[in-house]
Amino acid sequence: MYYLVLNRLDLASTPFDDWLGPGHNAVVLSGIESAPDEVGAKLAKSVRTELQIVDEFESAAVEYLALELHQNNRFDEIITFSELDLLRAARLREAMGIDGQTVVSAASFRDKVLMKDLLSKGGIPVATYVQVRYATDLIGFARHNGYPIVVKPRYGAGSVGVEVLHTEDSLYAYLKEKPELGSDPGASLIAERYVDHKLYHVDGIVAGEKTALMWPSRMTSCLGYRTGEALLSCMLGRTHALHSQLCAITQSAITTLPTPGNAVFHAEVFECADGSLLLNEIACRPGGGRVISTINEAFDINLIKLYVQLLSGSVTVSEIPSNPKRSAGFVCFPPRPGVVRQIPSKCPLESILQYRTKVKPGDILHEAAHSVDNIASAVAVGNSAEEVEHTLRRMVEWFSEGLVIESLAT
């Protein structure tokens, strides 16, 4: 088999050459500007995997290059892990005439309006919503449903562009900032009725058209990054009252949508004030932040590696564990504007693993760009969800006490 990989992940942690194994070859198009020396050297010596670093990875030139490569290599499958590349990969498969996730399938997970349409028709509860192309759509929705309302990009990711409008004044201000709502082509937005909720996410993998692994976690607000709030996530225990319900609503979504036979998924579910559940969104890719690391520490598997091996046929469904060996969770600390004067370098908490920092004293920070944008992060493990959550809270206190960011001079 010959694979084309559209990659946005750290090359040091994604050894495709090893994962695919003998008998398989790949070309890796990566948007990472510089690969670690050891990774670049290893791939340069490989006879099975070719690495090409692509400038302007966001541009359509990637599609041109991919089709040119296909003329010489005749790819059998395209592999990607980023939400931003799902439809791109599907369109390329269609153009190349190869199997894999179709455009219809990818759109069902990327287009929030189409997703909600399909979920609703399948009897899965979602918040009241409407497609927004023009100002009249948004104004009518707000006045019919009342405030607050949530407006977000139809093809968004990472909570970028998500706005909660509470009043007519905030609606008016939003309309002034979005000229596309008054243009002839219109905007590409979705509006939803705001729901008071607790947030959960459910992660796992579909293998051979069967859900082989699925586990829910509790998470703090994805919009907290805008005010500097740490993002915390903790796996639920199997005996948690919502464990089976969260898995059930997620499984219903997987069954209702045109999910590929092999796929990694990440769902977000709201628990409403009355205890009912609403499916917010489901993505056909791994969760962001430290979700992959959390699953790795709990189940002793790498979701990315497992997905690649499923495609290459080197693992079977029976080899995938369905129960974790321990509980786990993660925390991400978003940046805030200023100059870093001090940042903790080593965490003393025994149950904290993989503590990583991305900045150093003297670095100038700006506002966080998305929900999992961070200057530091860590994974916590324990024998129970309560133990992990306690460790994460202690981690937040420890990090906050040691972090010093000086405000920029005005």
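Biologist: Which strands form the open sheet, and in what order?
Modeller: In this predicted model, the open sheet consists of three strands in the order 17-15-19, with antiparallel pairing.

Biologist: Which strands stand at the edges?
Modeller: Strand 17 (364-365) and strand 19 (404-406) do. Each has a single partner strand, so one side of each is left without a neighbour in the sheet.

Biologist: How many bridges join strand 15 to strand 19?
Modeller: Three bridges join strand 15, residues 338-342, to strand 19, and the two run antiparallel. Within this pair, Gln-342 stands opposite Val-404 of strand 19.

Biologist: Moving on to strand 11: is it mostly covered or mostly open?
Modeller: Strand 11, residues 231-235, is mostly covered, with five of its five residues buried. The burial applies to both faces: Leu-231, Ser-233 and Met-235 lie on one side, and Leu-232 and Cys-234 on the other.

Biologist: Which strands is strand 11 joined to?
Modeller: Strand 10 (residues 210-219) is joined to strand 11 by three bridges, and strand 14 (residues 327-333) is joined to strand 11 by four. Strand 11 runs antiparallel to strand 10 and also antiparallel to strand 14.

Biologist: Now the helices. At what angle do helix 3 and helix 4 cross?
Modeller: The axes of helix 3 (residues 61-73) and helix 4 (residues 86-96) cross at roughly 35 degrees and come within 11 Å. The crossing is right-handed.

Biologist: Which residues meet there?
Modeller: From helix 3, Val-62, Glu-63, Ala-66, Leu-67 and His-70 meet Arg-88, Arg-91, Leu-92, Ala-95 and Met-96 of helix 4. By type, the residues of this contact divide into six nonpolar, one polar and three charged.

Biologist: Last topic, helix 6. Which of its residues are buried?
Modeller: In helix 6, residues 112-121, the buried residues are Lys-112, Val-113, Met-115, Lys-116 and Leu-119.

Biologist: Why do they line one face of the helix?
Modeller: Viewed down the axis of helix 6, the buried residues fall within an arc of 160 degrees, so they line one face. As background, an α-helix has 3.6 residues a turn, so residues three or four places apart point the same way.

How values were computed. Residues numbered from 1 in each chain as written. Predicted model: local features only at pLDDT ≥ 70, side-chain atom pairs only at ≥ 80, totals over all residues. Heavy atoms only, no water. Axes fitted to C-alpha atoms, helices over the stretch in contact; angles between N-to-C directions. Left-handed = near helix turned anticlockwise from the far one by under 90°. Contact = heavy atoms within 4.5 Å. Nonpolar A, V, L, I, M, F, W, Y, C, P; charged D, E, K, R; others polar. Pairing = 2+ DSSP bridges. Buried < 20%, exposed > 50% of the residue type's maximum accessible area, 1.4 Å probe, protein only. Arc of directions from axis to C-beta.
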